[in-house]
Every structure is written in C-alpha cells, then in structure tokens.
Amino acid sequence: MSTQAQGAAETPGGPTVELTLRFDGRPLKAAPGQSVGGALAAHGITAWRSTRKGARPRGLFCGIGVCFDCLVTVDGAANQRACLVEVRDGMQIDGSYPQAEGDRQ
Amino acid sequence: MSPGKVGSIMKADVAVVGAGPAGLAAAVAAAEAGALVAVVDAGAQPGGQFWRHRPETVVPEPDGSGHHGWRSYVDLRARFDAARRRGQIIYLPGLQVWMPEKNDAGFTLHTTPAVARARSEDAATNDPAGSGAGNGPAGSGTVVARRLVLCPGGYDRQLPVPGWELPGVMAAGGIQAFLKGNGTLPGRRFVVAGTGPFLLPVAAGIAEAGGQVLAVLESSSPAAWLPHLRAAAGVPEKALEGAEYAAVFARHRIPYRTRSIVTEILGQDRASGVRTAKVDADGRVRPGTEGVYDDVDVVGFGWGFTPQMELPVALGADTRLDADGSLVGIVDERQESSIPGLFLAGEVTGVGGASLAVIEGLTAGAAAARERAADKADASRATRHRRFAEAMHHAHPVPAAWQEWLTPDTTVCRCEEVTASQITEARDTLGARDSRSLKSFTRAGMGWCQGRVCGFAAGCLAAGQRVSASAQSLSDAAKRPLGAPVSIGELASLETDS
Ligand SMILES: Cc1cc2nc3c(=O)[nH]c(=O)nc-3n(C[C@H](O)[C@H](O)[C@H](O)COP(=O)(O)OP(=O)(O)OC[C@H]3O[C@@H](n4cnc5c(N)ncnc54)[C@H](O)[C@@H]3O)c2cc1C
Ligand code: FES
C-alpha cells in the first residue's frame, strides 16, 4: 500500500492505477474515480477553502453538491465543488486556505 | 439538443428531473408507455443519492455491496438502458436545472453544467446507451416538454450546534455519499448524531468499511415508536433492514445511545472531539450527564431530510408542511401537483425513503405519459410506506428544545457566517419573524447555498423558541432566484431561448 495513493481501492480485475494531481502546487497521488474531495481527504487534508468574513477553514460538509463549502479552483476554473469533480491525471487544484506544513500524511 | 452544443434546445413529451429512485422509475414508466422522455440529472451517472455508486468508468459492474434494494436498481437500470437504445430516453447527466418555466408548450428547463468541463472533454462524444455516461456531455442547454416530472430528492436536514462549522463535521448522508462514491472513508474515528433510522446505515457503512464508530447518538428513544407499531408492521422489510443493522452494530460493538446529543464540537481548525449529553423527551439537556469523546476525525449529523423544493416552488405548485416539519409538494393519487402537467415524485412529496420514491416515480411517469389512473396495487403499497414514514417522523422529531443548545456565537448560516445572536436580535428588535425578513436584515440564507443548509433552522429561530418554521417561511426560503449558480452568459441566453 505504501506506493499507492491512499484510499485507492483496487479495481476488480485490474491493477490499481495511480494519478498525480497538483494541489497548491505540490504533487499528490490519487486514484481514478475519486472525487477531488475524496482524494484530498485520503491525504488527511480536511480544509481548503477560507471563508470570506472570518477566514475560517472549510472542506467537505454535505458531500453532494448542496452546501458549496468545498469550493476549490480546478484547472483555473474557480468555485468548483470538490465533492462533485472527479480527479484527472495532471489536474491542478488550488485552495484558498493556506496549508500548514505537516498537515499531510 | 444535439449533444454537446451550448445553448441548444431539445424537445420531448415528458421531461424528468433527477435520476435517483424516483426519477429512474418515472423515466422508465413514461418511456414504456410510449413517450419520448428527456432525463436531466445533476449527477454524472444514474442512481441519485440512494443508489450512488463508484464511477462506472472505474467499476463497470458494481455488485451492489453496501446497498439496499440493489435488485430494484438493476431492474430499473436495465429498462432505462433498453429505452435509451430504442431512442425513447434521452439521458442528460451532469446538468443542473437552474430555472424551470411553464408556458404554452408545457415546460421549459434551463440547465447549466454541474461541473466545469475539462478543455480536453469539449469535443462532444456520444456514448453508447447503457454506459453510465449520457448522450454527450451537453453544455448548458434547454429542454422543452409537454409534461414534467420533478424528482430532485433532498439532502440531510441540519441543526446548528457550537463548532459545527469546523472541518471534519459532515452531513451524515455526506459520509455515506463519500463512501459510496469513493469507496473509502473521509476519516478513521467517527461519531454519528442526530435522529432517525437513517443514522443506522451510515454507522453500519462506516464500520463495514473499516472505520471506527465511537458512538451513534440518537436524540429520540425507541419508546417513541410504541404508539406507531401498527404502521411499522405494514412495511415488514424495514424491520428486516433494522435487524441487519443491529447485527452489524453488535459485530462492531457500536454503542447506540438514545436520548443523547452532541452539545459541542471541540477543536481549533478541525474537529478533534465532541461534548455530549443526555436529554429529556423535549431535547433539554439533563444536567450531570455530560461526556466527551476525544480523538474524533469526523462527526456526522443528520436530523432527517429536507426535500429540494426550489423547482416545484418556482413553478408555483401548492405545498404543505409534512409531519416532519418539512415543506413538501401536494399531489393527487397520480402524483400530479396543483399545476396541470407537473408531476412530483420521491422526497419532494414527503420524505419516505427509496422504496416509496420508486412507487411514486412509476405512478408519475405512467401518468405523465398518458392520462391514466394510478395502479391499485402500487397505490396500496404507497399508502403502507407513507404510514410508515409518518410514524418515523413522529418517533424521530427535531427535539422541541433544540434552540437551547445554541450559544450566542454559534454559527447558524455557514455561508455568510451569521450567528445565533445576530438572528435572535433581528427577530426581537427588528421583528424579523420569517426567513425572508431574516435574509434582508442578517444575510442568513443569502450565501452560496442560498439557505439550503440553514433554511430550516433559521426559519425556526425567526419563529421563536420551541416553534417550528411555518410553511410560508419555508416556502419563502425555497424561493431562490436561481436553482443553481449560473454564468452571466446563461442568464443572457434567456432572452433568446424562450
Ligand atoms: C447524501 C444522502 C445519502 C443518503 N443515503 C441513504 C442511505 O444510505 N440509505 C437510505 O435508506 N437512504 C439514504 N438517503 C435517503 C434516500 O436518498 C432517499 O430516500 C432516496 O434517494 C429518494 O429518492 P429520490 O429519487 O426522491 O431522490 P434522490 O435519490 O436524491 O435523487 C435526486 C436526483 O435529482 C438530482 N437533482 C436534484 N436537483 C436537481 C436539479 N435542479 N437539476 C438536475 N438534477 C437535480 C440529484 O442530483 C439526484 O441525482 C440518503 C440521502 C442523502 C441526501
Ligand atoms: S461538500 Fe457540500 S457542496 Fe461539496
């Protein structure tokens, strides 16, 4: 499991494929079929949006596209819902909440 | 619309919004009755919330593990795919209806992509019917149909509690959706809280996937079911499901604590623990019963469900308050609303679970395809399920005293970061007693989610202590200028479309 993206469930009948994303400029492994939110959570990243008023951290909440708490920039397209967007190899993901070193597993 | 074209128009006899249990059933029934059906769904593949599964591009033949009623899904899906092959169902996934209109032609639906498309996907593809993908990744487009069946489902109802805005706090259904969609868990150590039988599959799903459920906290008590046992006995499959969950709870030693609530989420920048307490029948905290769970990653909350009423409300359909305090659409025995030609099925006619949603969808689809009375057997099954749902709502109410759990600085509107004291002040000093005046005085419900998450709670707070939100207030809250955020270009295209 160590070389494989965390949370990469084995595809029945096939080897586990790996994708690489860039999150806030850093490479991050993901598995096909994961949502952006799913891939971030698999690395222990729980917050990527900063609220407008209080600059408070936010991440997944409703999980189904209703709450807009999980907004993220995907390949330059702002305000995308991380719970709905499926990962693609080479995808650039940018959050608005500063990630502290050591937040990742 | 020719697949993939932006701003194009497609015409059908019957349009169905939603491809969950209700929408799939409605589409299949309408197509099998001979109608040309267009199905618009925000999801990327069929299933809705209940039958959400991993992307079929990755797991082409899901085995239905972790699902209930999967056989019913497989049957509906086969009929759905067959109708697509016959050209009778045009499936438009990944599109969100942001505005419905009633006009001479029937109904017009304006849509927008749920997810921005990658540049590489811009070329239209026409996937074979039967794949989870639809008839081309359509750009924003317009659907025109003589009849309309709305099956938009719902989402977890929430009550604010101190600290619920911290990352790591999720909707209970959101945890379930995460698991069903990704095949993994959003954390390791969970507490699940709120009320209703739906907390059971959430906790069981977490445990079966390898997560640790520290506790399930249920505000109600099993004794609350006693007056409703006859209604419960009418739907024996529910008792069977309950027994399955009980077995999973026993196997994983999941503590199920009744008359218990989370009073506060602990943590600085993410949830790290919860404070809990026992409550009385009204939900008032019993002093001396406080406890703490440490080292918690994810807290899941579910207080029943809120039906997505914006589309029915935008079209002017008559509504009522259901037994659970939710605003729902009024329909006749054919699922037709007060607007001729507009049918409603699934959670929007009352939260009642997937089996009822399927029965209602079948009835609505057949009726929308041609004038037809409801099937008698379906009607009596639907009645039994509705009695069960009503019993469930009475046994698992939102605790009357929930407002007492709030502190003055508890966030109520997560988007605009409006606190409980700002809302009660607007109520007491400015007379904001309904969701509409609350919006203008405090901005509660004016943010990205347009009040979907806080609408119920804010409406109750405005109404006052121990009062639930009125139908009028909830209906005002569901009047959203747009069903989804859209671009200026899409707004401008309205002039030429209609
Ligand atoms: C997150 C979540 C998880 C759940 N998990 C379970 C569970 O594990 N077990 C259980 O018993 N019950 C569960 N439920 C309850 C269950 O989902 C419902 O009882 C059932 O799905 C209702 O079926 P439906 O067809 O009415 O709606 P849904 O299944 O919700 O389907 C509605 C569909 O309509 C689409 N839609 C909504 N609005 C629009 C729009 N404007 N434009 C285009 N498309 C739109 C949605 O994307 C969705 O695909 C869950 C509910 C939620 C919200
Ligand atoms: S988690 Fe709510 S919209 Fe993504």
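Reader: What does buried mean here?

Author: Buried means under 20% relative accessible area, exposed means over 50%, and partly exposed lies in between, with a 1.4 Å probe and protein chains only. This is a predicted model, in which local features need pLDDT of at least 70 and side-chain atom pairs pLDDT 80 or more, while totals for chains, interfaces and linings use all residues. Residues are numbered from 1 along each chain as its sequence is written, chains are lettered from A and ligands numbered from 1 in the order in which they are written, and side-chain values use heavy atoms, without hydrogens and water.

Reader: Which side chain of opposite charge is nearest to A:Arg81?

Author: Lys and Arg count as positive, Asp and Glu as negative; His and the chain ends are not counted. A salt bridge is a side-chain nitrogen of Lys or Arg within 4 Å of a carboxyl oxygen of Asp or Glu. A:Arg81 is buried but has no salt bridge, and B:Glu310, the nearest side chain of opposite charge, is 9.2 Å away. Contact means heavy atoms within 4.5 Å. Beyond four places in sequence, the contacts of A:Arg81 include A:Phe68, A:Leu71, B:Gln96 and B:Ala114.

Reader: Where in chain A is A:Arg81 placed?

Author: Strands are DSSP runs (E, at least two residues) and helices are runs of H or I of at least four, numbered from the N terminus. Two strands pair if DSSP finds at least two bridges between them. A:Arg81 belongs to strand β6 of chain A, and A:Leu71 stands opposite A:Arg81. Strand β5 (residues 71-74) and strand β6 (residues 77-81) of chain A run antiparallel, joined by 3 bridges. These two strands form a hairpin with 2 residues between them, and A:Asp75 in the turn has a positive phi of about 45 degrees. β5(A) is also joined by 2 bridges to the antiparallel strand β7 (residues 92-94) of chain A, where A:Ile93 is the bridge partner of A:Val74.

Reader: How many residues of chain B are in contact with chain A, and how is the size of an interface given?

Author: Interface size is often given as the accessible area lost when the parts come together. Here that area is summed over both parts, with a 1.4 Å probe. In this model, 43 residues of chain B are in contact with 40 residues of chain A. About 3500 Å² is buried between the chains, with carbon and sulfur atoms giving 54%. On the chain B side, B:Arg414, B:Glu417 and B:Trp448 lose the most area to chain A, together 17% of what that side buries.

Reader: How many salt bridges are there between chain B and chain A?

Author: The count is 3. B:Arg414 forms a salt bridge with A:Asp69, with the closest N and O atoms 2.5 Å apart.

How values were computed:
Buried area is the accessible area (1.4 Å probe) that two parts lose on being put together, summed over both.
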